[in-house]
Amino acid sequence: MKALIESRIKKLSDEISKEGCDGYIATRAHNIFYFTGFWGSGYFLLKGERAKLLTSVLELDRAARSSSVPVEKISKSIAEEIESFFGQSKVCIDESFASTYIQLSEKISLKRSLAAERLREVKDSEEKSALAEGGKIMDLVFEKALVKIKENISERELYSEIVKEIISLGADVIPYEDTIGTEIVAFGPNTAYPHYSPPGDYKLKPGDPILLDLTLRFKGYIVDFTRTVFYKSASEKQKEVYYKVKEAQELGIKMLKPGVKAKDLDLAVREFFKEEKDRFVHSLGHGIGLEVHELPYISSRSEDAVKEGSAVTIEPGLYYPGFLGVRIEDSLIVESEPKNLFKATKDLLIV
């Protein structure tokens with residue numbers, strides 16, 4: 001792990017040099033983990049070949065156990081710590097609540113930077129391995145969830161079973177930033193809410209669609225998965241919508257190649273839906289990794305191009321308020337032929 005961290009830090013040094021910076025400060029937990037191996041609050045500082053992690057006494061012992069760079073306790077104000085480390089410098093810093101409020105003297109010029117996020121976009125072998133293992137766990141979670149589905153089970157009850165399975169299989173639960181529940185479990189008309197949260201007391205009945213949008217974290221890395229299935233029966237309209245979304249997702253995955261413009265992927269799927277495209281109310285996908293949503297952003301407004309080695313989701317959906325929502329989502333590693341992290345079927349399932 002130490003050699004991997006050193007390689008990432010070297011790439012970071014090269015990246016910030018292009019921005020005219022002499023050093024770098026990471027304040028976000030995701031970036032701190034990426035460059036140290038420690039997940040928690042603190043400050044990662046880099047100047048030249050010298051790197052260190054500053055933490056409070058609260059985190060000191062835990063950080064020392066997991067960090068691949070030297071760890072020191074914050075003994076002065078963070079502004080004083082930064083000044084004494086960098087001297088007179090132009091320093092790149094990530095964007096966070098903490099970085100917004102750091103006040104420094106005129107000796108140090110701070111420049112907001114996405115250098116870490118750009119580096120994190122392309123996954124190394126260790127990251128790909130963690131994502132692949134997470135994908136295998138997710139397949140098992142979905143398989144076990146299907147067995148738990150029965151008449152009159154509530155959304156909350158199934159949600160509870162899913163969370164228990166994720167934890168028992170050695171992964172961790174992680175909520176989206178804009179949802180309350182860690183997983184989206186929606187039955188019947190609630191499937192028409194793209195970010196339905198939290199799961200409620202709705203009880204499953206025959207003919208209901210079931211939408212499961214599940215995330216889990218394994219060794220720090222997140223996989224994102226959605227399937228829509230039907231309980232006991234599916235109407236012709238439900239089947240029509242399902243097959244349309246399935247075909248749209250197949251189109252998006254087929255187009256997913258290194259170098260393709262992210263907006264072109266989104267617009268192609270939107271155009272495929274034709275008169276139904278107004279029912280597709282979110283972007284086609286997003287990058288995944290240490291965060292649920294990270295670079296690249298696969299939307300009609302994105303300026304990103306998809307890079308080889310990035311990890312992304314492709315997740316089209318159609319939503320009919322009060323009736324039905326269908327979404328199908330896979331997490332993939334971008335290669336000449338995209339590598340799907342899941343093996344779970346996308347055939348129409350009636351359970």
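Is Arg 62 buried, exposed or partly exposed? At 35% relative accessibility, Arg 62 counts as partly exposed, where buried means under 20% relative accessible area, exposed over 50% and partly exposed in between, with a 1.4 Å probe and protein chains only.

## Ground rules

This is a predicted model, in which local features need pLDDT of at least 70, side-chain atom pairs count only at pLDDT 80 or more, and totals for chains, interfaces and linings use all residues. Residues are numbered from 1 along each chain as its sequence is written, and side-chain values use heavy atoms, leaving out hydrogens and water.

## Salt bridges

Arg 62 pairs with Glu 59 in a salt bridge, with the closest N and O atoms 3.0 Å apart. (A salt bridge here is a side-chain nitrogen of Lys or Arg within 4 Å of a carboxyl oxygen of Asp or Glu.) Both residues sit in helix α3 (residues 57-66), three residues apart, or about one turn of the helix. Helices (H or I, at least four residues) and strands (E, at least two) are DSSP runs, numbered from the N terminus. Glu 59 is buried, at 12% relative accessibility.

A search of the whole structure turns up 29 salt bridges. One of them joins Arg 8 and Asp 124, at 2.9 Å from N to O. That pair links distant parts of the chain, with Arg 8 in helix α1 and Asp 124 in the loop between α6 (115-121) and α7, 116 residues apart. Arg 8 is buried at 4% relative accessibility, and Asp 124 is buried at 16%. There's also a network of salt bridges linking Arg 28, Glu 117, Arg 120, Lys 123, Glu 291 and Glu 294.

## The disulfide

The count comes to one disulfide, a disulfide being a pair of cysteine sulfur atoms within 2.5 Å. Cys 21 and Cys 92 are the partners, at 2.2 Å from S to S. Cys 21 lies in the loop between α1 (2-18) and β1 (23-26) and Cys 92 in strand β5 (residues 89-93), so the pair ties together parts that are 71 residues apart in sequence. The S-S torsion is about 80°, so this disulfide is right-handed. Cys 21 is buried at 6% relative accessibility, and Cys 92 is buried at 0%.

## Nonpolar cores

A nonpolar core is a set of buried Ala, Val, Leu, Ile, Met, Phe, Trp, Tyr and Cys residues joined through side-chain atoms within 4.5 Å. The largest one has 57 residues, and those touching the most other members include Leu 12, Tyr 24 and Phe 35. Helix α7 (residues 125-148) gives the largest share of this core, seven residues. A second, separate core has 27 residues, among them Leu 256 and Ile 314.
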